Structures are given as C-alpha cells and as structure tokens.
Amino acid sequence: MKYVLDLNRCQDHGQCVFAAPNLFALDENGKLSIRREADGEYESGEIPEGLIDELEEAAGICPVQAIELIDG
Amino acid sequence: MSHRSAADVIEPHIRPVEGRLPEDPPLYAEYQQQRKEGAIRWDKSRRGWSVISFDLCKEIEDNEVLYAHPDRRDLVNDEEVYKMIQLSHGGERALILLQGAEHRAMHGSMARDISSRTRSLRPRVQQLADHYVERLGERIEFIEDLANLLPTAVISTVFDLPWLDDEQQLRVARDCTAAIGGARETLERDSQAWRDGAEGARKLSEMLMPFVLQREAAEGEDLISRFWRTGREVFDDWTADDVLAQCRTVFFAGSNSSTHFLANIMYVLATNPQLWEPLREEPKRIKVFIEEVLRVIPPVQGRVRIATEDVELDGQSVRAGDVLYLFNAAANRDPVRFDRPEMLDLEQKPRLHLTFNSGPRACAGSSTARAEGEEFVRALLRWFDGAALDPGYPAPDFMGQLNRGFAPLHLIMTRRPEHMLSDDAKDDGDR
C-alpha cells in the first residue's frame, strides 16, 4: 500500500502525527516535515506491512481528508 | 432523402452526478446579503462581528492567541456563568475548556483515541446503522425514528456502555441537547434553558460516573479506559471527574450535531432522487457525498471567538474583547473559493470545508461523524429505493441556532423489493 498526500489540502493540523508517528512528523515550525521535499501532491513509496495500520489510522483521522490510500 | 434532426444525432448525454437543496434556508439569504458588504461586518442584533469568507474564518480559527475560545476562563467575567459553562461541558478540565499546551496534548491524544476506537468498531457502527434503518416504516418522522437514536447509540458503543432501549437513548439525547442549550444560554441567561441545561448535565454525569469509576484501572480499549490513560500522560493529578468531563464532552459534541448531520443527509437525499442510483452503483461516491453535505448544509453553522487584542481585519477595526461569529456555513459557499458553491458535486474529489472547524480546535470526533454518516447512507441504500418529503406535512424548518438541521422531517420511504436485498449485500464490498 502507498499513500498520496495532498499538500494543498493539508492544513498541518498534525493529527496524522499522533496517529502514525512512524510515518509523519512536524518540523520546528509546526509544518508537516514532508513539505521540505515536496509540494502539491506527495506520493509515498510502498509502506511496510507493519505500518499499514497506523497509516489507515492517519488517513481516517485527518480532519481535511488529505491522505488518500492506494492499494498496491 | 430524409434528414435526421439535430436532436436525433446528439449522443446520449450522461448527466453529471450533482444535487442541490430545493430552497436554501433563510439564513443563507443573510449570508448572501452580507457578501455584498464584505467578509466581516458589525452585526447589531448579535452585538458582534459577523465573518463569512473562507479565508477570514480560517485565519481566525487557526490563531487561538489572537482569537480565543469564548469559554476561556479569564474572558468570562461572571463566576456563576463560568460555573454553568463548566457544568455544561462536563467539568473544569473538559477538553473545550483546556488552553495552550495542555489543550494541544489532550486534543491530539483524544482525537487519536476516538478515531482508533471508531475504526476498530466500524463493523458495529454498520450494524447499528442497519438496525435503525431496517426498521423504518413507510411514513416516518426521521428525527424521532432515527436521527436522535443513532448518534447516542454510536457514542455508547465507543464507550462500551450497556445497550440502551429507544426510550433511554432519547432521554440521553434530550439531556445532551439541554446541556448544550444551557451552555449557549450563558450568553443570554434564559432561566428555563439554564435550569434545563443544569438538569440535563447532572443526569448525564450520573449515568456515566459509575462506568468511569469502574474503569479506573484503565486496562480496556473502550474510550473511558483510554481517557484514563491519555489524561495520565498529560496531567499528574488526573481524576475520575476529569475522565467524566471528557466523556461528557464527547456526548456534548457528538450527539446533537450528529442528529442534525443525519437529518441534513436525509433531507438532501429526499429532495434529490437522482443521487440514489449513482451512490448505490459507485459506493466510492458516498465519501464525496458526505463531504459535500457537510460543506453545503453543515450541522454546525459556525463558531464563536473573542478577540484578545485590537486588530485590523479586512479593513475593519476589531477591538480586544469583541465577539466574532464565524459562519463556516457561509465560508463553505464562498464564491471566491468554490465554483458553483451551492451544488453538491459528486464528480470530483471532496471539496475542502470548514464544518469541522480549522486549527487547534478542529473537531476531535470528525472521524466518528464521518463513519456514522457513511454507514447511515450505506444502510439506507441497502434497505430503501428512495424517500420523499411527506406532502401531508409542512416543509421542514432548518431548526436550531449554531447547530442546525431540518426538522421535523416527515418522509415517505420506498423500501427495496425483497429480492434486491441480498444482491446489495454482495455489491457492497467497496469499503
């Protein structure tokens, strides 16, 4: 499984960080750290089996539904 | 030689999947009127600033330092009023009343607890939606027959409370609504609503406290046990009263607003029969539909904030202490941001909205509300072919104040033929 994160939609609420601390982080300015390497849409690589549960959690919790899961 | 007319050769037109309200509630005319005057204006009757643009609502909601929640202790001058606020929200450490770092930590953890619990109980939420939808009759009043029952049943499930019968569920829903009314009445001090609010709050606490005390060991996966664990991570002196306050907050935030949410979904479906078949055929559209209902006709019309400093907003001088009414419902239809904002568009990705608020106080239970809405629509499509407003009754009003939904909602329901039911169970694997 992969995910696509829509960084235009993302509002940096950071709830994904609580749900999936191994996949998402906030930087020192409170912005999602992925923003350093991407803008627009960020597509992840294949997510390891052991992290899929927290990824699904993050997708569900995101208040603006910016994380889309893609079955690989 | 014969000529075919133009009409004969036009390709069959596939109509876009979209809907709209037959008529917008009068509030929306007010929003439209204000758009001509600007994103923010002084509202004499509300004695505060009315804010209607997407960008400005979001800017204010995102900045808690400049624009504080109105229940912040130092902003409420009257001690008796503050006591009522505490009572309505469940206690002095209820999430809504926390501030700064404590609020941030509890908010993130509680949102995670609620979302994770809802996800693992998703099959149960589906069962509950099925239970309440399947038994609907041919002529119903939707609020009494379903919308007041399903939200408290879902909350009871995530808390792992014993099953309540309809009468008990309705009592809980009534107490929640009264408690919310009590909190709102602190602005006006209407004595009857104040008394009803206090009484509703007391009854809810009485019902919940034995379970809070029973689960102090915090070993379970239910929300009460989780709130024990989460609170202890943030506070050294976390008590049963504090856990109770968070439980009450979930009832406060997730009952009345979800009732309105379900009513608004149902109203849209009853007045847009063209949406039923596309939703049934492509269940992926249900998510988009839910988001569009939340955007176009939100169950919570807005939020209130207090300016903590003098500030210039879109050319207006807002003074420290001024009240700001943020009409997210108007912001959700801001023509600067949205093309054909009044249309529910099921053809594209869901459009971003402010219904769950933005910033540090974004709704911590949005995942539960979404799950409930989606499972309700799935159940409805499973058991019914259509619904229409009952012509024997006046059109429903858009009832409430900040929380609003169509009520009473008298409907005529068309049940699916028996032989179609099992087919749907097969088709509904897309979840």
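This is a predicted model: local features need pLDDT of at least 70, side-chain atom pairs count only at pLDDT 80 or more; totals for chains, interfaces and linings use all residues.
Thr249(B) sits in helix α12 of chain B, which covers residues 240–254.

What does Thr249(B) touch, once its neighbours within four places in sequence are left aside? The list is His89(B), Ala94(B), Leu95(B) and Ile96(B). With His89(B) there is also a polar approach: a polar atom of the Thr249(B) side chain lies 3.3 Å from the backbone oxygen of His89(B).

## Chain A on its own

Chain A has 2 helices and 3 strands, and going from the N terminus they come in the order β-α-β-α-β. Its C-alpha atoms fill a box of roughly 30 × 20 × 20 Å along the principal axes. The radius of gyration is 11 Å, which agrees with the value near 11 Å for a compact globule of 72 residues.

Among contacts in chain A with a separation of 6 or more, 72% are between residues 24 or more positions apart.

## Where the two chains meet

The contact draws 17 residues from chain A and 23 residues from chain B. Together the chains bury about 1600 Å², with 46% of that on carbon and sulfur atoms. On the chain A side, Arg9(A), Phe18(A) and Glu57(A) supply 34% of the area buried against chain B, more than any other three residues.

There are 10 residue pairs in polar contact between chain A and chain B, both residues being at pLDDT 80 or more. Two helices of chain A, α1 (15–19) and α2 (52–61), each supply at least two residues of the side that touches chain B. Of the elements, α2(A) gives the most, with 5 residues. By type, the residues on this side of chain A split into 6 nonpolar, 5 polar and 6 charged.

## Salt bridges across the contact

Side chains of opposite charge can pair when their charged atoms come close. How many salt bridges run between chain A and chain B? The count is 5. Lys349(B) takes part with two partners in chain A: Glu41(A), at 3.1 Å from N to O, and Glu68(A), with the closest N and O atoms 3.7 Å apart. The pair with Glu68(A) joins two chains, because Lys349(B) is in the loop between β10 (344–345) and α17 (366–383) of chain B while Glu68(A) is in strand β3 (residues 67–70) of chain A.

## Salt bridges elsewhere

Over all chains, the structure holds 42 salt bridges. One of them pairs the side chains of Arg73(B) and Glu79(B) at 3.1 Å, N to O. Arg73(B) is partly exposed with a relative accessible area of 43%, and Glu79(B) is partly exposed at 43% relative accessibility.

Arg416(B) and Asp385(B) form another, with their closest N and O atoms 2.9 Å apart. This pair links distant parts of the chain, 31 residues apart: Arg416(B) is in the loop between β14 (410–415) and α18 (418–427), and Asp385(B) is in strand β11 (residues 384–389). Arg416(B) is buried, with a relative accessible area of 6%, whereas Asp385(B) is partly exposed at 31%. Finally, salt bridges with shared partners tie Asp53(A), Glu56(A), Glu57(A) and Arg119(B) into one network.

Methods. Residues are numbered from 1 along each chain as its sequence is written. Chains are lettered from A and ligands numbered from 1 in the order in which they are written. Side-chain values use heavy atoms; hydrogens and water are left out. Contact means heavy atoms within 4.5 Å. Buried area is the accessible area (1.4 Å probe) that two parts lose on being put together, summed over both. A salt bridge is a side-chain nitrogen of Lys or Arg within 4 Å of a carboxyl oxygen of Asp or Glu. A polar contact is a pair of N or O atoms within 3.5 Å; within protein, one must be able to donate a hydrogen and the other to accept it, and residues adjacent in sequence count only if both atoms are side-chain atoms. Helices (H or I, at least four residues) and strands (E, at least two) are DSSP runs, numbered from the N terminus. Ala, Val, Leu, Ile, Met, Phe, Trp, Tyr, Cys and Pro count as nonpolar, Asp, Glu, Lys and Arg as charged, and the others, Gly among them, as polar. The radius of gyration is taken over C-alpha atoms; the globule rule is 2.2 Å times the number of residues to the power 0.38. Buried means under 20% relative accessible area, exposed over 50%, partly exposed in between (1.4 Å probe, protein chains only).
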